[in-house]
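The sequence and structure are shown first.

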Amino acid sequence: MAGTVVGDHVDVVGMWVTADGHIRQELLPDGRYDEARGERRSAYTGRYTVTGSHLDYVDDTGFTATGDIRDGVLHHEHLVLYREQI
């Protein structure tokens, strides 16, 4: 499931992981996210919105970031994350 289109937005809900597994970003259906880094659970938490294949993030501390789904891959700032296959 490399990002199905729901309406005019890409479905991003689920777990996204870097190739080395160090960073795990869970995009929840309620528009929240929870990102773990290594052994540090919930290193970053906040909310996200999806417009087309573009994501806007606002961390609970107020920090902002962006991401884009290209060819089923999440490019989040300098990170490249792949949808975890269950």
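## A buried glutamine

In this predicted model, the side chain of glutamine 25 makes a polar contact with the side chain of tyrosine 57, at 2.7 Å. A polar contact also links the side chain of glutamine 25 to that of glutamate 35, again at 2.7 Å. Glutamine 25 lies in strand β4.

Is glutamine 25 buried or exposed? Its relative accessible area is 0%, and because buried means under 20% relative accessible area, glutamine 25 counts as buried. Beyond its neighbours within four places in sequence, glutamine 25 is in contact with Gly14, Met15, Trp16, Asp34, Glu35, Tyr57, Leu74, His76 and Leu81.

In soluble globular proteins, nonpolar side chains tend to be buried together.

With neighbours within four places in sequence set aside, isoleucine 69 is in contact with Val10, Val12, Trp16, Ser53, Leu55 and Leu74.

## The barrel

Eight strands form a closed barrel in the order β3-β4-β5-β6-β7-β8-β9-β10, and their pairing is antiparallel. On average, neighbouring strands of this sheet are turned by 30° against each other, with direction ignored. Strands of a sheet pair through backbone hydrogen bonds, either parallel or antiparallel.

Strand β4, which holds glutamine 25, runs antiparallel to β5 (residues 32-37) and is joined to it by five bridges. Within this pair, isoleucine 23 stands opposite arginine 37 of β5.

## Two hairpins

Strands β8 and β9 (residues 73-76) pair in the antiparallel sense over four bridges. Glycine 67 has histidine 76 in β9 as its bridge partner. The two strands form a hairpin with two residues between them, and aspartate 71 in the turn has a positive phi of about 55°.

Strand β9 also runs antiparallel to β10, joined by four bridges. Here histidine 75 has valine 80 in β10 as its bridge partner. A hairpin with two residues between the strands is formed by β9 and β10, and glutamate 77 in its turn has a positive phi of about 55°.

How values were computed: Residues are numbered from 1 along each chain as its sequence is written. This is a predicted model: local features need pLDDT of at least 70, side-chain atom pairs count only at pLDDT 80 or more; totals for chains, interfaces and linings use all residues. Side-chain values use heavy atoms; hydrogens and water are left out. Contact means heavy atoms within 4.5 Å. Buried means under 20% relative accessible area, exposed over 50%, partly exposed in between (1.4 Å probe, protein chains only). A polar contact is a pair of N or O atoms within 3.5 Å; within protein, one must be able to donate a hydrogen and the other to accept it, and residues adjacent in sequence count only if both atoms are side-chain atoms. Two strands pair if DSSP finds at least two bridges between them. Axes are lines fitted to C-alpha atoms, for helices over the stretch in contact, and angles run from 0 to 180 degrees between N-to-C directions.
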